[in-house]
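Welcome! Take a moment to look over the chain below, and then we will walk through its fold together.

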Amino acid sequence: MKQKVEEEIRSGIIMTVFSTASAVGKTLLSVNMAAELARSGYKVCVVDLDLQFGDICNYLHLSPQKTIYDAQKAAENTVGQLDYGEYITPYEYEDTIFSVLAAPLNLEEAYNISTQAVIEVLAGIRGEYDYVVLDTTATFSDLNLAVMDLSTMITFVGIVDFIPTIKNMKVGYDTMRSIGYEKNKIRFVLNRSNSKTHIELQDVEQLLEERFYHILPNDFLTAIDSIHQGIPLVINDEETALGRGMQELIEKYTNRARQKSSRKNASLSSWVKRLFK
Amino acid sequence: MPEYRVLLIEPNRIMMERLSSVVRNTKNFQLVSRAMDAREALGQGGVFVPNLILLDIDAQESMQLVREFVRAFPQAGILALSSQWNAQASSAVVKAGAKGYLIKPFTSEELIAAINTFGNSGMGMISEVMTFFSPKGKSGKTTLIANLGMALAQKSGQNVAIIDADLQFGDMAVFFNLDPQSTIVEATRDIKFLSPISLNSYFMPIAERVRVLCGTKRPEFAEDVSPKAFTDMISMARSLFRYILVDVPSAFNPISVAAAEASEQVYLVSMISGGYEGKHMQRALDIFKAWPDYETKVKTIFTRVEPCDIQKQQQLEALIEYPVCSILPNEYLLVSEAANNGRMAVDIKPGSPLARSIDLLAAQIYGRPYKVG
């Protein structure tokens, strides 16, 4: 028993990225969080829990062989510890390496995934990583609730664009509080802060009775560009305000000062790497 | 206020007395004749010149009788009476020519509501259910449905329903600035005890011929809506509305699948945002291709299309390798302003490109020949 507790203490930090509205930038934030944590020296795995229409592999230009479907199936059929290495797709860009547990290849698989088995998989992989980043869908599904229970921290992404979205943020937050999640476990991150809107940020914070933990600048074109390049902004050689904003978020989360030098080194080695490709 | 001259056919004597008393005590209703035997009423009822026939259909043969009554009393409206709601019987009597279906015993209020609902609009003849499905996330379909519902009512002059089945985060109530007394949760909870008339009161009126059944007030209520009760509710709503537009949660889930299966038409809606919308649309289409009639049943719509022209539409068709039924332009500010004010875009600027595109789609739906089954 004692040993089990110790194991749990050693296990990786689970960071879930959630929202109550779609298209707020969950996936972009997830891959960038993973990349920035990896760049900072942590062992990181990002898991695509948008089982039906997951975009992580699209955003990173990966073609996975094995997915979460295979992993959870193996977990269901295996007693004891499983080696999750074979279900992972590695992402590598310059000096940054992190793992991806991809969404299922087809919809039939996505529809036939057991929440319990996914939880088992996550319990398994968290033992092998410092950080596990979970990208979700904008709904309180069985799966999302189960992984939020498990999570160390929930990054609740929002956009202040129009009233229905804000209503859903409020309703979603109230729901999470009523389930019993600590305030401290939920961190509001505002995306696209200066997008065209008539709504004041303060009004939203007043409604939520909560401050935004972090605010990301509106940089839609940069975001789209990075998606098409398949390179997370935080490890791209070209510095952008949005990439910087996401790095700052990770700095807050990891409670560390920013290491400017490592970016420099990374770009140098990338330049060399590209020459010898 | 028209005077209703009622011919009542009811085989059970006690029920007959009870219903007779209700009809007599309802303002503007006159009980001109009554019969316990339908054949007898067919032969002799004509001399009393009824304009409303309340016909029991629980007795055998009655379905056949509906047809004969329609022939014998072409000037009268026929309401079928039954002691319980039965979707199949309801649709059969309506196909046979009855105006609607009323559960007995009824009160004066229910009788009047039935006349108002079925009487004026020539309802119940046919109905079309359309589900708006989005593969992934934000699609702009709530805006589309709200505006399309209004446009369809205007074009057809018939009753339109919008059902917000986006159970956790439905926005229809906010769109129309409603604070509903009853929502999809209550309607599906009560469905076993409802008749079309009583179901109608769960829908909030938002315009002359448009009603909305709002989504849940809190996400946790979503669990209370069972797919079975949900499809029962849709099938009952068919006798109230000519067009039923259903907003469902994105992706494949029990509710979106149930709605799609209960529909004549499924619209896959996706918003262009520079990501992988085409890929997701294709992925969703692949599932619907299991239906033998998917080519007629499943249509695609893209929103926020820039430039919103025929070349772009063809490009999208090439991308997804499937016809694109409609493309809607980007009107972000117009739409968000409309939503923030609890009003729909067509309400504000009828001439805007978005309103025009939606109008075009409404015309397409209205002009479509109705396909039975």
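In chain B, 71% of the contacts between residues at least 6 apart in sequence join residues at least 24 apart; two residues are in contact if their C-beta atoms, placed from the backbone, lie within 7 Å. This is a predicted model, where local features need pLDDT of at least 70, side-chain atom pairs count only at pLDDT 80 or more, and totals for chains, interfaces and linings use all residues. Residues are numbered from 1 along each chain as its sequence is written, while chains are lettered from A and ligands numbered from 1 in the order in which they are written.

**Overall build**
- Chain B has 17 helices and 13 strands (DSSP runs, numbered from the N terminus: H or I with at least four residues for helices, E with at least two for strands).
- The C-alpha trace of chain B spans about 70 × 40 × 40 Å along its principal axes.
- Of the 373 residues of chain B, 51% are buried, meaning that 20 or more other C-beta atoms, placed from the backbone, lie within 10 Å of the residue's own.

**A pair of packed helices**
- Helix H6 (residues 141-156) of chain B packs against helix H17 (residues 353-366) of chain B at about 55°, with the axes 9 Å apart; axes are lines fitted to C-alpha atoms over the stretch in contact, and angles run from 0 to 180 degrees between N-to-C directions.
- Among the residues making the contact are Leu144(B) and Leu148(B) of H6(B), and Ile358(B) and Tyr366(B) of H17(B).

Definitions and conventions:
Buried ≥ 20, exposed ≤ 12 C-beta atoms within 10 Å, placed from the backbone.
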